[in-house]
Amino acid sequence: MAVSNLTMVSLMEARVPERATVTAGCRERGCTAPASARCAYVDGRGRSCETAWCHRHLHKIGAEGYCRRHASTVAALGGKAKDPRALPAVDHRGASLVNWICIEGHSALHGAVASALKTGEVIFEDRTVNVVRQSDGSRRWERGWRIGDRSGLKSKVLVCVDESDDALVLLAVDDKVIAVAVPPWITRRRSHQAVTPALDASDRTQFYGFLFGHIQRALALRP
Ligand SMILES: [Zn+2]
Ligand SMILES: [Zn+2]
């Protein structure tokens with residue numbers, strides 16, 4: 001299993017607890033408006049998100065309003081968000097992180113899968129994040145690409161985040177984890193490190209390039 005250089009750095013860091021602020025105002029940094037509504041997210045164990053936001057910074061999905069993270073969690077799961085068993089814990093970014101990587105990294109990841117197609121094969125692409133239960137009972141959020149032909153499913157490439165660590169991205173090809181990485185922007189947030197947009201862009205390119213290379217190599221080995 002491959003571990004990216006970026007991950008090696010972040011795995012050695014201690015986790016920095018996120019600072020909680022209690023205020024009657026909107027939680028958005030720099031916003032001085034009063035908070036008008038709380039995030040509507042309630043996880044599978046009944047724990048709710050405690051953040052409150054002004055009208056402008058509350059993200060509407062259907063009839064409900066959410067903070068940014070939970071709006072992206074609910075959007076990532078699509079219709080499955082109605083099932084409490086699919087919802088990550090209130091402080092778990094798994095579903096939204098998987099979705100973000102599949103969207104931001106789409107051209108690299110989809111391109112790697114497409115480049116491995118053989119004659120007669122087609123790609124089936126997930127549009128939302130799925131949740132699967134693993135043998136130890138814990139959950140995994142995943143989204144990806146499946147390769148199939150007339151005879152059925154041939155291969156699958158999944159971007160996954162486990163319930164046990166919501167910063168660690170797993171790349172699985174045909175049910176085998178072939179690479180793990182902590183995305184560079186998460187490493188930075190943990191260490192309160194600011195970088196220039198140029199360095200941020202180059203780290204992201206390197207991160208998606210790492211995933212691209214592993215997908216290509218793994219699919220090239222299939223029979
Ligand atoms: Zn606001
Ligand atoms: Zn929330």
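Modeller: This is a predicted model, and a place to start is helix H2, whose buried residues are covered by elements that include strand S4 (59–61), strand S5 (64–66) and H3.

Biologist: How many of the 10 residues of H2 are buried?

Modeller: A residue counts as buried if 20 or more other C-beta atoms lie within 10 Å of its own. Among the residues of H2 that are buried are Arg69, His70, Ala71 and Ser72, and Thr73, Val74, Ala76 and Leu77 are buried as well. H2 is therefore largely enclosed by the rest of the structure, and the number of its 10 residues that are buried is eight.

Biologist: Are helix H2 and helix H3 roughly parallel or roughly perpendicular to each other?

Modeller: The axes of H2 (residues 68–77) and H3 (residues 94–104) come within 8 Å and cross at roughly 70 degrees, in a crossing that is left-handed. Angles of 65 to 115 degrees count as roughly perpendicular. The two helices H2 and H3 are therefore roughly perpendicular.

Biologist: Which residues in H3 are met by residues in H2, and how does the contact divide into nonpolar, polar and charged?

Modeller: From H2 the contact takes in Arg69, Ser72, Thr73, Ala76 and Leu77, and these meet Ala95, Ser96, Val98 and Asn99 in H3. The residues of this contact of H2 with H3 divide into four nonpolar, four polar and one charged.

Biologist: Are helix H4 and helix H6 roughly parallel or roughly perpendicular?

Modeller: H4 (residues 106–114) and H6 (residues 197–220) pack with their axes 9 Å apart, at an angle of about 15 degrees. Since angles under 35 degrees count as roughly parallel, the angle makes H4 and H6 roughly parallel.

Biologist: What is the handedness of the crossing of H4 and H6, and how many charged residues are in their contact?

Modeller: H4 passes H6 in a crossing that is right-handed. On the H4 side the residues are Ala108, Leu109, Gly111, Ala112 and Val113, which meet Tyr208, Gly209, Leu211, Phe212, Ile215 and Gln216 in H6.

Biologist: Turning to the strands, how many bridges join S8 to strand S9?

Modeller: S9 covers residues 152–162 and runs antiparallel to S8, and a hairpin joins S8 to S9 through two residues. One of the pairings sets isoleucine 147 with its bridge partner in S9, serine 155. The number of bridges that join S8 to S9 is 10.

Biologist: Which residue in S10 stands opposite valine 161?

Modeller: S9 and S10 run antiparallel and are joined by five bridges, while a hairpin joins S9 to S10 through six residues. The residue in S10 that stands opposite valine 161 is valine 169.

Biologist: Is arginine 133 buried or exposed?

Modeller: Arginine 133 lies in strand S7, and its C-alpha atom is separated by 9.9 Å from that of aspartate 162, 29 residues apart along the chain. Because arginine 133 has 11 C-beta neighbours inside 10 Å, and 12 or fewer count as exposed, arginine 133 is exposed.

Biologist: Where is aspartate 175 found, and is it buried or exposed?

Modeller: The place of aspartate 175 is in the loop between S10 and S11, and its phi is near 70 degrees, a positive value in a residue other than glycine. Aspartate 174 is found in this loop too, and with 16 other C-beta atoms within 10 Å aspartate 174 is partly exposed. With 7 C-beta neighbours inside 10 Å, aspartate 175 counts as exposed.

Terms used: Residues are numbered from 1 along each chain as its sequence is written. Chains are lettered from A and ligands numbered from 1 in the order in which they are written. This is a predicted model: local features need pLDDT of at least 70, side-chain atom pairs count only at pLDDT 80 or more; totals for chains, interfaces and linings use all residues. Axes are lines fitted to C-alpha atoms, for helices over the stretch in contact, and angles run from 0 to 180 degrees between N-to-C directions. Helices (H or I, at least four residues) and strands (E, at least two) are DSSP runs, numbered from the N terminus. Angles under 35 degrees count as roughly parallel, over 145 as roughly antiparallel, 65 to 115 as roughly perpendicular and the rest as oblique. A crossing is left-handed if the near helix is turned anticlockwise from the far one by less than a right angle, and right-handed if clockwise. Two residues are in contact if their C-beta atoms, placed from the backbone, lie within 7 Å. Ala, Val, Leu, Ile, Met, Phe, Trp, Tyr, Cys and Pro count as nonpolar, Asp, Glu, Lys and Arg as charged, and the others, Gly among them, as polar. Two strands pair if DSSP finds at least two bridges between them.
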